[in-house]
Amino acid sequence: MSVFEVGSLHVPAGELRHGRLTAATSASGQVVSVPVSIMHGAEPGPVLLVTGATHGTEITGTRTLLKLIARIDPARLRGTLISVPVTNPLAFDRATYASPEDGIHLGMPCYWPSDPAGSPTLRIGAQVRSLFDVATHYIDLHNNAEPAVPMSMEFAAQCSSPEVRQVQRAMAEAFGVTPVLMTDPEDGTAEKVGSVDGQPAAASSAHGIPGLMVELLDEHGHQGYEAGVRGVLNVMSKLGMLEEPVAPQLVERLQGSFTYHGVLTSRESGVLFPVCDPGTVMEQGSVVAHIVGMDGSVLEEVKMPVTGFVWAFLTTAPGGGSFAVPEGHAVGFVAAADA
Ligand SMILES: [Zn+2]
């Protein structure tokens, strides 16, 4: 096995190396760089890129990756694991969803095309793109705040070929949390959380690199990162990078197949009180949350528009904010059970 090279990083076979990709310079001259750990196996195989903190407030993926590399012996690895625990350091350092410098987050199209001469976040995207250029498979680790249930997002329509789609499916099954087929519904989802096409895992799948996006639980959920570690190890087993067989997930996977339906939207303003357990399949019309007024009365019952499940509730700002919701606010994500 030869040395694995990307940028200024050189990793001999059977070794783990930590480095940084220099991306931008702040106004005061501080260098902004992306941390990268590369584990290059003793034998050839797939090159799996895994990113955490694509959104700066979502650090369950960060914790997952920092734990994951300690669980793998590079001497027993086939192929190469590229771990990016903090994909957007500008947002991560300030605990913001997007970068304060330019308002851009990496769930927006920043890799295809990449813009090395653009604003700071686009320059970060251009550096991370160099990792996609050597990767054969991709996992993007995000998380929702509790109450939520872990799930994965499949981007079928974006896949560049049936083979890419087949591998994406296999990765979702191996990861082991409930997969949801993603679409772009006409309900304002794109304005609220970005369009499906812009998601890095959708964009990589469109460029021949099977990609899976996973929503774990937030950093307060101990199982959040453990399910992430188990899921990535499972995908590595499925791809033949590890000898260990695919193991059961630590969290429940719902039976059946599901397609993204859209966001729940509040009619009234008040405080959102979730009244269901995310990840429970509910009939159309079931009440999933109350909007409660300042006199304690229930102003609105938020109901399931279809039979399916809610995987997370949304706060007033992505990755932050609270359940104090204005009128017409997106308050939850719904997956519909396929007939
Ligand atoms: Zn996210």
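The legends below describe close-up views of a predicted model.

View 1. The domain assignment of the chain gives domain 1, residues 4–238, and domain 2, residues 258–337. Taken over C-alpha atoms, the centres of domain 1 and domain 2 are separated by 28 Å. Contacts between the two involve 22 residues of domain 1 and 19 residues of domain 2. On the side of domain 1 that touches domain 2, the elements that give two or more residues are strand 9 (178–181) and helix 5 (189–193). The residues of that side of domain 1 divide into eleven nonpolar, seven polar and four charged.

View 2. The largest nonpolar core holds 101 residues, and the members that touch the most other members are Leu48, Leu49, Ile82, Ala135, Trp311 and Val331. Because domain 1 (4–238) and domain 2 (258–337) both give residues to this core, it lies between them. In soluble globular proteins, nonpolar side chains tend to be buried together. When neighbours within four places in sequence are left aside, the residues in contact with Trp311 are Ala148, Val149, Met151, Glu215, Pro278, Gly279, Phe333 and Ala335.

View 3. Strands of a sheet pair through backbone hydrogen bonds, either parallel or antiparallel. In the case of strand 4 (residues 31–40) and strand 6 (residues 78–84), the pairing is antiparallel and runs over four bridges, and within this part of the sheet His40 stands opposite Thr80 in strand 6.

**View 4. Two cis peptide bonds.** Most residues other than glycine have a negative phi, and most peptide bonds are trans. In this model, however, a cis peptide bond joins Trp112 and Pro113, with omega at about -5°, and Pro113 lies in the loop between helix 2 (89–94) and helix 3 (120–132). A cis peptide bond also joins Glu146 and Pro147, where omega is about 0°; Pro147 is found in the loop between strand 7 and strand 8.

View 5. Ala53, a residue other than glycine, has a positive phi, near 50°, and sits in the loop between strand 5 and helix 1. Ala53 has 26 other C-beta atoms within 10 Å and is therefore buried, the cut-off for a buried residue being 20 or more. Ala95 likewise has a positive phi, near 55°, and lies in the loop between helix 2 and helix 3. With 11 C-beta neighbours inside 10 Å, Ala95 counts as exposed, since an exposed residue is one with 12 or fewer.

Conventions: Residues numbered from 1 in each chain as written. Predicted model: local features only at pLDDT ≥ 70, side-chain atom pairs only at ≥ 80, totals over all residues. Core = buried A, V, L, I, M, F, W, Y, C linked by C-beta atoms within 7 Å. Domains from an automatic or database assignment. Contact = placed C-beta atoms within 7 Å. Nonpolar A, V, L, I, M, F, W, Y, C, P; charged D, E, K, R; others polar. Pairing = 2+ DSSP bridges.
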